[in-house]
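The sequence and structure come first, and the description follows.

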Amino acid sequence: MQTQRPRFRHEVIDPTPPTTKLGICLTTDLTGNGRPDVIVGGTGPETKLFVGGGRTRLPSVEGIKRAAGLAGPTLFWYENPGWERHAIADVPQLGIGCALGDVDGDGRVDVLAGQGIHYNGVYWFEQPADPRSRWEPHLVTERFEKYHDLAFGDVDDDGEPEVVGLSQRSGAVFYYDVPADPTGGPWPDENCHVVDGDSDAEGVWIGDVDGDGRTELVVGTDVYRRREGTHEWAREPIATGWDDVRVAVGDVDGDGEREVVLAEGDSPTYGTHPGRVGVFDRRDDGWAETVLADDLFCPHTLQLADFDGNGRLDVYAAEMSLGENEVPRHYLFRNEGDGRFERTVVAEGVETHEAEAVDLSGNGLPDVVGKSYTPDHHVDVWHNEGGGER
């Protein structure tokens with residue numbers, strides 16, 4: 001099948017979002033019109049002053065404004081089409097950790113979000129009957145600190161979804177069983193299960209990665225498998241020597257089995273070398289590594305989707321700026337089959353972070369929606385307009 005490289009048209013859907021350090025980007029249809037809406041959130045200005053190495057916390061001016069109900073939202077969503085912005089909540093210091101899921105079982109998708117460094121809360125935000133109204137925040141836990149990633153799914157194969165979290169500061173991979181009344185937080189300690197108490201990994205995926213019919217956790221560069229009949233987990237390394245990674249999983253080579261794709265999203269700024277993107281294929285003797293790129297700047301966006309309509313999963317990786325990278329680029333590694341990928345720059349000059357591939361227009365092609373992280377703050381869409389050059 002001969003296909004053409006897709007062309008992308010850039011649109012800024014919000015040049016001035018109401019908060020800073022935009023860590024959260026999620027997509028789901030909130031209005032029921034068949035079009036995915038876009039959920040974004042961030043830290044907001046610092047609400048506490050940390051002195052004495054962070055041991056003492058004093059309220060800042062912004063913290064006083066929030067206490068008085070005068071601050072803007074830190075979590076909000078954009079209605080598709082038109083991109084009208086609606087507030088969700090104003091819980092401060094929301095970090096990168098976020099997920100979607102029907103926490104209370106009412107048939108409406110809720111939002112899960114965790115706080116960043118020096119903060120301890122994981123919250124779920126209850127979607128009201130009218131999503132344009134304010135959403136009620138509920139506390140899940142304050143047991144850990146700095147949540148880089150969250151996920152929602154049936155981790156222990158009991159038929160019920162759990163909340164999975166990665167706490168870098170506390171060094172924990174954990175999950176919570178959802179209690180009968182999830183609104184009365186914090187959730188009970190007995191509902192918490194620690195998968196690994198010595199991990200500062202980023203990136204999480206829930207599912208059957210090896211085809212054995214049981215659910216695994218892919219966390220960073222490791223796979224965790226639950227020991228039968230227990231809450232204990234065994235860890236298997238996928239790769240060594242890779243810095244903090246973003247994780248995606250899918251059948252990239254078309255062999256009917258899933259591969260793990262990793263991108264070093266914080267390298268080289270917080271890593272040891274320029275950022276790599278690689279595909280890892282499970283074999284009998286371990287994981288075979290294929291590096292697609294080894295010269296990127298903080299590719300904190302990693303998505304798998306068929307962007308060109310040839311029936312194969314492509315790899316999309318996009319760079320941040322962080323005030324250092326003057327020409328951030330978006331790369332599409334077009335899957336040509338037989339393990340071959342064509343590396344193409346499909347956009348440049350506008351940074352993004354934690355962007356998602358999703359069909360926003362209903363034309364059957366995945367677009368890309370994301371936001372910057374820092375120092376700039378904006379929300380963007382790259383519309384997939386189909387074939388361009390061969």
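## Strands, rings and cysteines

Gly165 stands opposite Phe174 in E14. The model is a predicted one. The two residues belong to a pairing in which strand E13 (residues 162–167) and strand E14 (residues 172–177) run antiparallel and share six bridges.

Strands E13 and E14 are part of an open sheet of four strands, ordered E12-E13-E14-E15 and paired in the antiparallel sense. Strand E12 (147–153) and strand E15 (192–196) stand at its edges; each has a single partner strand, so one side of each is left without a neighbour in the sheet. From one strand to the next, the twist averages 20°.

Leu304 has Val315 in E25 opposite to it.

Strand E22 (residues 275–283) and strand E23 (residues 286–296) are also antiparallel partners, with eight bridges between them. They form a hairpin, with two residues lying between the strands. Arg283 has Gly286 in E23 as its bridge partner.

| Strand pair | Sense | Bridges |
|---|---|---|
| E13 (residues 162–167) and E14 (residues 172–177) | antiparallel | six bridges |
| E22 (residues 275–283) and E23 (residues 286–296) | antiparallel | eight bridges |

### Aromatic rings

How many aromatic pairs does a search of the whole structure find? The search gives twelve. In one of these, the ring centres of Phe76 and Tyr78 lie 5.9 Å apart and the ring planes meet at 85°, so the pair is edge-to-face. Phe76 and Tyr78 are both buried. Tyr175 and Trp233 make another edge-to-face pair, with 6.2 Å from centre to centre and 75° between the planes. This pair links distant parts of the chain, since Tyr175 lies in strand E14 and Trp233 in strand E19 (residues 233–237), 58 residues apart. Tyr175 and Trp233 are likewise buried.

An aromatic cluster is made up of Phe144, Tyr147, Phe174, Tyr176 and Trp187. Phe174 of this cluster is the residue that stands opposite Gly165.

Two arginines sit over rings. The charged end of Arg85 is placed over the ring of Phe76, at 6.0 Å from its centre. Arg276 lies over the face of Trp242, and the distance to the ring centre is 4.2 Å.

### Buried residues elsewhere

Trp83 is found in the loop between strand E6 (75–79) and strand E7 (84–89). Is Trp83 buried or exposed? Its relative accessible area is 12%, under the 20% limit, so Trp83 counts as buried. The C-alpha atoms of Trp83 and Pro18 are separated by 14 Å, and the two residues are 65 residues apart along the chain.

Glu354 belongs to strand E28 (residues 353–358). This glutamate is buried, with a relative accessible area of 16%. The side chains of Glu354 and His300 are joined by a polar contact of 3.0 Å.

### Cysteines

How many disulfides does the model contain? The count is zero. Cys192 is in no disulfide either, and its nearest cysteine sulfur, that of Cys98, is 20 Å away. Both residues fall in the buried class: Cys25 has 4% relative accessibility, and Cys192 has a relative accessible area of 11%.

How values were computed: Residues numbered from 1 in each chain as written. Predicted model: local features only at pLDDT ≥ 70, side-chain atom pairs only at ≥ 80, totals over all residues. Heavy atoms only, no water. Pairing = 2+ DSSP bridges. Disulfide = S-S within 2.5 Å. Buried < 20%, exposed > 50% of the residue type's maximum accessible area, 1.4 Å probe, protein only. Axes fitted to C-alpha atoms, helices over the stretch in contact; angles between N-to-C directions. Phe/Tyr/Trp six-rings, centres within 6.5 Å; stacked < 30°, edge-to-face > 60°. Lys NZ or Arg CZ within 6 Å of the ring centre and 35° of its normal. Polar contact = N/O pair within 3.5 Å; in protein donor to acceptor, adjacent residues only side chain to side chain.
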